[in-house]
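Me: I would like a close look at one part of this model, with the terms spelled out as they come up.

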Amino acid sequence: MPIISRRLRAALLATASAALVAAALPSPVPLGIGDPLFPRLGNPGYDVLSYDIGLTYQGSNSKPLDAVTTIEARTTEPLDRINLDFAQGTVRTVEINGVRADFAAADEDLVIQPPGRLPAGAPLHITVRHTSDPNGGQDSGGWLRTADGLAMANQADAAHRVFPSNDHPADKAFFTFRITAPKDLTVVANGLPAGTARNGAETTWTYRTEHPMATELAQVTIGRSTVLKRTGPHGLPVRDVVPSADRKRLEPWLSKTPGQLEWMEQQVGPYPFETYGLLVAATDTGFELETQTLSLFERSLFTQTAYPKWYVESIMVHELAHQWFGDSVSPQAWSDLWLNEGHASWYEARYAEEHADRPLESRMYDAYIRSDGWRAAGGPPARPDVPAPGQKLSLFRPVVYDGSALVLYALRQEIGESAFDRLERSWVKKHRDSNAATADFVRLASQTAGRDLTSFFDGWLYGEKTPPMPGHPDWHSAKPDGQR
């Protein structure tokens, strides 16, 4: 997810939290799973198995959507209360296992009082009737307004601005989307279509995922769009969602996806999901985003002539690579982000080298020169500095992109290309549809190399200074500004 600029608005959180309060619940307390970077994100005590999200869009991207979110979960410890992440909308009613429950807001949490104490291992069927408000502003995450409707941009912690959830990638689940919209609009979501139903002037579109997904990767797009279909490797259905007026103009770019899928499969193995495609949105975000099976792109990336062809193609591969690294294999904690963005940047650079004569070594040398400055500005790759209040997306900084691709380059230099390629294939195969942490990568790399690489990774992932580059004793990192 290449980020240029986005800001979160603290005032919005206070307004949204106030809107949640609708029933008496004494002393509600916000919880979290203790993520080092986002300690209040996610909630302990249960495991979400699936989400069923119903949304009704009335034709205006400035009006709140009526919504029903149904969560199937199982408790992992005894619970007296259940916390969900939800920060932007009005909750009308909550039911647990068919029984109405009291609820209240606490910061960005929806705190629910079940009818009685829940034992560990108990099934949970939670139904929340609420609104989903797109009026938080483009910089706050969640709903994104487009020229003709809406799309989602939930990374890193904004899915709970759209629907109640356990909003942390460590708790992946299956998703069903049921979206009702005026019949002249097109709706697409993650996964595969599971039918449409016409009711007067409205159509309800249903989509389901075949693989578990992190909440931050959810995508729903509503607008005057055209769905273009083609076939990828092994008969994979590829569908792109584009503004109808731009379908011919965008086709030269979209036609490259099957070949890019083939190239990625040659690098790391079979594509991990049921479908893929690009969502091209008429909106100004400053970033692209790897939403699962349907990557989000700004229209301007493809229509502005200032971008070189090789650059646009490499960004397409960056988001495609995330389907393996970040989507199929999701981070256990947000400090593991380097595994997502480092790998996506690595394959972006590799593709540019092979298809546009942009040498990988030159890019990595440039990154090495800058590396100490990046570490001083934002922390080392696997121990990034905590984002400042109201600037959570500053987490997406250079050290987790090319600074982390540089770690992978150093690793390949250290263990050799053959071992490195085996490691990459083993990583995505071993952790498919699950979560993995930095320690898991270090362990698998050591097993693949046949020796303990802990000290190697300690320096490259956690050191304040960039270690010497294996095979390049002449490489030197520039001193950060202000240092002599």
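Which residue in β8 is the bridge partner of V91?

Reply: The bridge partner of V91 in β8 is H130. This is a predicted model, in which local features need pLDDT of at least 70 and side-chain atom pairs count only at pLDDT 80 or more, while totals for chains, interfaces and linings use all residues. Residues are numbered from 1 along each chain as its sequence is written, and side-chain values use heavy atoms, with hydrogens and water left out.

The pair V91 and H130 belongs to an antiparallel pairing of strand β4 (residues 91-96) with strand β8 (residues 123-132), which extends over five bridges. Strands here are DSSP runs of E with at least two residues, helices are runs of H or I with at least four, and both are numbered from the N terminus; two strands pair if DSSP finds at least two bridges between them. In general, strands of a sheet pair through backbone hydrogen bonds, either parallel or antiparallel.

Strand β4 has a further antiparallel partner in strand β5 (residues 99-100), to which two bridges join it, and within that pairing E95 stands opposite R100. The two strands β4 and β5 form a hairpin with two residues between them, and N97, which lies in the turn, has a positive phi of about 50 degrees.

For the neighbouring topic of sheet order, an open sheet of three strands runs β3-β7-β6 with antiparallel pairing. Its edges are β3 (82-85) and β6 (102-106), each of which has a single partner strand, so one side of each is left without a neighbour in the sheet. From one strand to the next the twist averages 25 degrees, where angles run from 0 to 180 degrees between N-to-C directions and axes are lines fitted to C-alpha atoms, for helices over the stretch in contact. Strand β3 is joined by four bridges to strand β7 (residues 109-113), the two running antiparallel, and in this pairing N83 stands opposite V111 of β7.

Leaving aside residues up to four places away in sequence, P380 touches R375, V399, L461, Y462 and G463, contact being heavy atoms within 4.5 Å.
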